[in-house]
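I opened this entry to keep track of what I looked up and in what order.

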Amino acid sequence: MTKSTADSRGVGTAVATPQVGRLRSWWSNPWRKPRLLEAVTWGYLAWSILPIVVAVLISFNQGRSNSSIQGLGLNWWWGDPSSSLFHDPELHAAIFQSLRLSIATMAVTVPLGVAFALGLDRWHGRGSGTANFVMLLSFVMPEIVLGVAMFLVVVHVLAFLNLGTIAQVVGLVTYQLSYPVIIVRARLLSIGKEYEEAAMDLGAPPRQAIRRVLLPLLYPAILASFTVVFADSLDDFVTVRYLSGPANSEPLSVKIYNFSRGSPTPAINAAATFLLFATTLVVVLGYLGYRYTQRGERREDMTALTGL
Amino acid sequence: MPARVSKVRRTRAAEQSGVHYPRWFWPAFASPAIAWLLVFFLLPLYAVLSIAFGTVDPIFRTPLPVWQPWWWTTSHVVEGLDKTFGLFQQVYLRTFWYVLLASAICLVLGYAVAYYVARHGGRRKTLLLVLLVSPLWISYLMRMLAWVNLLDREGYVNRILTFLHVVPQPVGWLEGRGITVILGLVYGYIPYMILPLYAFLDRIEGSLLESGRDLGADPLSTFVRVTLPLSRPAILAGLVIVSLPMFGDYFTNTMLSGSPSTTMVGNLIDDSINTAGQGPEAAVRILILMVMLLIPIGYYLRSTARAAQAR
């Protein structure tokens with residue numbers, strides 16, 4: 001970049017004059033280094049990441065304390081026969097409930113959302129505007145509104161849906177549906193219609209043009225959607241808490257909430273760290289796959305994976 | 001919608017559906033999701049209305065939703081509004097202040113960080129971006145749990161502060177302090193502010209800033225006169241994105257304080273949901289929250305629709 005040349009020019013303009021003049025020329029020098037901003041940024045990053053590092057370290061604590069580390073070990077992950085993450089029946093069940101919910105949600109949300117995105121993108125008739133509006137509304141609605149509304153409906157209206165796993169999946173799908181739609185539509189916008197039209201001009205029937213041309217082009221967006229929905233459902237708390245029924249339908253996130261207000265042991269940090277590792281694994285795999293399906297293309301912004 | 005746009009759309013639609021695809025083709029793709037949203041999104045929202053305006057079973061005290069607006073009764077809503085301006089006035093005002101302060105801190109800090117990474121990230125940009133995005137992938141509850149561990153009376157924050165003699169004895173950070181809740185909200189939601197700001201600032205043409213410079217502006221006035229006015233839409237979008245979930249947040253508050261002295265609107269809703277027989281109260285409180293959030297939500301939807309039209 002032009003940074004190095006700019007720096008040398010900046011040094012050149014700082015003429016050696018009395019103190020005030022020097023200060024002024026430093027102040028008005030457009031190439032001066034943004035030391036303050038740099039300090040703020042690294043300070044922010046430290047503030048944002050160090051607490052997580054400490055929480056992960058506490059999960060490997062040998063002692064019982066949740067606030068100070070007394071030697072490292074796997075006591076609260078595996079060692080303790082009754083209250084470690086993998087031996088406490090409650091936490092053990094919660095791990096599987098978390099995974100079950102995210103896999104089911106991902107399996108329903110992504111196909112539903114991808115088809116929705118295609119429909120919304122291509123269908124310009126009456127009603128498509130309204131459908132788009134409702135989709136965006138579900139995107140910005142605070143989660144507590146959706147969670148409480150779903151809870152009231154499941155309890156008082158659609159009573160056949162009992163609180164528990166099914167209701168939780170339904171709530172999560174509703175909450176997550178807009179993510180694949182937004183991701184896939186951004187991709188549709190960037191690939192344009194040319195490939196598909198070329199295929200049809202060459203005699204492909206619509207269905208084949210979609211399956212053989214459009215769908216492969218959408219693989220990166222579909223993969224990103226799977227990643228975002230899985231990771232997000234794994235960490236979800238508000239929706240799944242309101243829609244959980246018996247204690248064994250409470251996933252890890254709800255357990256973390258309940259335990260942290262009681263008398264927590266480092267096992268709850270181990271639970272949170274487990275979620276962290278699982279999410280990281282999924283995101284790294286998703287990102288590698290994303291890059292793989294996009295090979296040979298101009299690199300797109302990483303932010304596609306943030307779901308924003 | 002202006003007539004001009006819909007006309008253009010219609011002709012484009014005719015062209016496409018006529019040439020390649022049958023007319024029912026694309027709506028058919030959207031229909032399963034539309035049905036889903038109707039049953040599991042719009043119906044629940046309407047159910048909130050009909051429970052808020054409904055009646056209660058005289059024996060079991062369970063809410064009886066009234067589906068026909070004609071038969072709606074307003075007793076729950078009136079009672080809820082009464083409490084909003086009476087018993088719970090403090091809670092609503094407090095929520096407003098907490099969210100205002102937390103969003104303001106998010107904006108100032110987030111803008112500085114986004115600006116630095118977008119303008120001066122240089123070779124480390126990718127690393128910085130990964131670090132900025134990473135909190136989004138970490139469970140919100142874990143991020144709060146981390147602070148619960150740190151801010152404990154025997155936690156590391158107090159140990160460092162007493163070691164440095166900043167405070168004479170450990171401070172009970174988790175015992176109902178507004179400042180802890182506000183900083184917790186900032187910590188939780190600031191990534192959602194930084195990313196849209198970054199995405200926007202990264203797209204501002206360098207030549208615009210250079211021309212400001214060439215016309216004799218120092219860095220500060222280039223920023224105040226060029227960058228800041230340009231980024232107004234991104235700032236507003238960021239403020240909406242962080243403040244909407246903050247208004248409905250209750251878990252940050254329960255984890256970091258749990259005391260009635262910091263109760264927010266989210267806690268009121270959560271309390272009524274967890275208490276048997278308070279279904280109508282919960283519905284009314286949700287309704288009041290929705291009315292409070294009508295303006296930011298409306299702004300967000302309108303600006304998104306405009307951006308989509310501009311494409």
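**Chain A as a whole**

I began with the secondary structure of chain A, which comes to 14 helices and zero strands. I kept in mind throughout that this is a predicted model. Reading along the sequence, I wrote the pattern of chain A down as α-α-α-α-α-α-α-α-α-α-α-α-α-α.

I then looked up burial and found that 44% of the 308 residues of chain A count as buried. For the contacts in chain A with a separation of 6 or more, I noted that 69% come from residues 24 or more positions apart.

**Where chain A meets chain B**

How many residues of each chain are in contact with the other? I found 78 residues of chain A in contact with 85 residues of chain B. On the side of chain A that touches chain B, the elements giving two or more residues are α3 (35-59), α5 (89-122), α6 (128-140), α7 (143-156), α8 (165-176), α11, α13 (252-261) and α14 (266-293) of chain A. The most is given by α3(A), with 13 residues. Sorted by class, this side of chain A has 52 nonpolar, 20 polar and six charged residues.

**The largest nonpolar core**

I next asked which residues touch the most other members of the largest nonpolar core. The core has 158 residues, and the ones I was looking for are Val148(A), Ala149(A), Ala271(A) and Val48(B). I followed up Val48(B), leaving aside its neighbours within four places in sequence, and found that Val48(B) is in contact with Ala149(A) and Leu152(A) of chain A, as well as with Ala283(B), Ile286(B) and Leu287(B) of chain B.

**A helix pair in chain A**

I turned to helix α9 (residues 178-191) of chain A and helix α11 (residues 206-235) of chain A, which pack at an angle of about 160 degrees with their axes 9 Å apart. Since angles over 145 degrees count as roughly antiparallel, α9(A) is therefore roughly antiparallel to α11(A). The crossing in which α9(A) passes α11(A) is right-handed. From α9(A), I listed Tyr179(A), Pro180(A), Ile183(A), Val184(A), Arg187(A) and Ile191(A) as making the contact, and from α11(A), Leu217(A), Leu218(A), Pro220(A), Ala221(A), Ala224(A), Ser225(A), Val228(A) and Val229(A). By class, I recorded 12 nonpolar, one polar and one charged residues for the contact of α9(A) with α11(A).

**Two helix pairs in chain B**

Tyr140(B), Arg143(B), Met144(B), Trp147(B) and Leu151(B) in α6(B) meet Thr180(B), Gly184(B), Tyr187(B) and Gly188(B) in α8(B). I sorted this contact of α6(B) with α8(B) into five nonpolar, three polar and one charged residues.

The other pair I looked up is helix α4 (residues 89-120) of chain B with helix α11 (residues 232-247) of chain B, whose axes come within 10 Å and cross at roughly 140 degrees. The two helices, α4(B) and α11(B), are therefore oblique to each other, and α4(B) passes α11(B) in a right-handed crossing. Among the residues making the contact are Ala102(B) and Cys106(B) of α4(B), and Leu239(B) and Val242(B) of α11(B). The residues of the contact of α4(B) with α11(B) divide into nine nonpolar, five polar and no charged.

Is Ile182(B) buried or exposed? This residue is found in helix α8 of chain B, and Ile182(B) counts as buried because there are 22 C-beta neighbours inside 10 Å. Leaving aside neighbours within four places in sequence, I found Ile182(B) in contact with Tyr98(B), Leu101(B) and Ala102(B).

I finished with His165(B), which has its place in the loop between α7 (156-163) and α8 of chain B. His165(B) is exposed, with 7 other C-beta atoms within 10 Å. Most residues other than glycine have a negative phi. Against that background, I noted that phi of His165(B) is near 60 degrees, a positive value in a residue other than glycine.

Key. Residues numbered from 1 in each chain as written. Chains lettered and ligands numbered in written order. Predicted model: local features only at pLDDT ≥ 70, side-chain atom pairs only at ≥ 80, totals over all residues. Core = buried A, V, L, I, M, F, W, Y, C linked by C-beta atoms within 7 Å. Buried ≥ 20, exposed ≤ 12 C-beta atoms within 10 Å, placed from the backbone. Contact = placed C-beta atoms within 7 Å. Helix = DSSP H or I, 4+ residues; strand = E, 2+ residues; numbered from the N terminus. Nonpolar A, V, L, I, M, F, W, Y, C, P; charged D, E, K, R; others polar. Axes fitted to C-alpha atoms, helices over the stretch in contact; angles between N-to-C directions. Parallel < 35°, antiparallel > 145°, perpendicular 65-115°, else oblique. Left-handed = near helix turned anticlockwise from the far one by under 90°.
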